[in-house]
Amino acid sequence: MLETTLNQNNKPLIDSLRSIPVLEAFEDQELHRLLEMSKIRKYKVGECIVEEGRTDTWLYFLMYGRVRISKEGKEVVVLQRKGEVFGEMGALDSVRRSASAHAATDCVCLATDIFYLEKLTGSEKQAFGYVFYRLMTEILSRRLRQTTESLIKAKGRINLKFW
């Protein structure tokens, strides 16, 4: 992995972040704050980004490339759209990672350490925290819907086999 610290006044990077659907609601000041908590990480194909069973507070936004998510060695999904988020559950609840993420191709991620949210104070913490946690709620809600749909389809296949 190659890691780069960010210049928060980087207009092209701010514009690139704004093109990510889940970050559209962020104001410039909030995007600058996000960059303060973040690093750009470049991974070569096959490199581990997140290891199942480990604990950390990093959340990842895919900037380009593809990332394979796996659970107990079995592929769950391959992320390939700019702005897709992974690592959010472990980052939010500080529990061991429930899945692994590996670079399926060379890829670049914006890695954000949400531990820094705790360092914010007063109205800044409330304002940024509100937007950030709303973002996480939307992501988790979408993932729960997808999981529910997959479960319903799987149950339909199982029920068909037994009847």
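In β8, Ala101 is the bridge partner of Val50, and β3 and β8, which run antiparallel, are joined by 2 bridges; strands (E, at least two residues) and helices (H or I, at least four residues) are DSSP runs numbered from the N terminus, and two strands pair if DSSP finds at least two bridges between them. The model is a predicted one, in which local features need pLDDT of at least 70 and side-chain atom pairs count only at pLDDT 80 or more, while totals for chains, interfaces and linings use all residues. Residues are numbered from 1 along each chain as its sequence is written, and side-chain values use heavy atoms, with hydrogens and water left out.

The open sheet consists of 4 strands in the order β3-β8-β5-β6, with antiparallel pairing. Because β3 (48-50) and β6 stand at the edges with a single partner strand each, one side of each is left without a neighbour in the sheet. From one strand to the next the twist averages 30°, where axes are lines fitted to C-alpha atoms and angles run from 0 to 180 degrees between N-to-C directions.

The largest pocket has a volume of about 930 Å³. On a 1 Å grid over the protein atoms alone, a pocket is an open set of points where a 1.4 Å probe fits, with protein on both sides within 12 Å along at least five of seven lines, and lining residues have an atom within 4 Å of a point; grid points are joined across faces, edges and corners, and the volume is the space filled by probe spheres set on the points. Of the 34 lining residues, Val77, Leu79, Val85, Glu88 and Arg143 are the closest to the centre of this pocket. Helix α4 gives the most to the lining, with 8 residues.

| Class in the lining of the largest pocket | Residues |
|---|---|
| nonpolar (Ala, Val, Leu, Ile, Met, Phe, Trp, Tyr, Cys, Pro) | 17 residues |
| polar (the others, Gly among them) | 9 residues |
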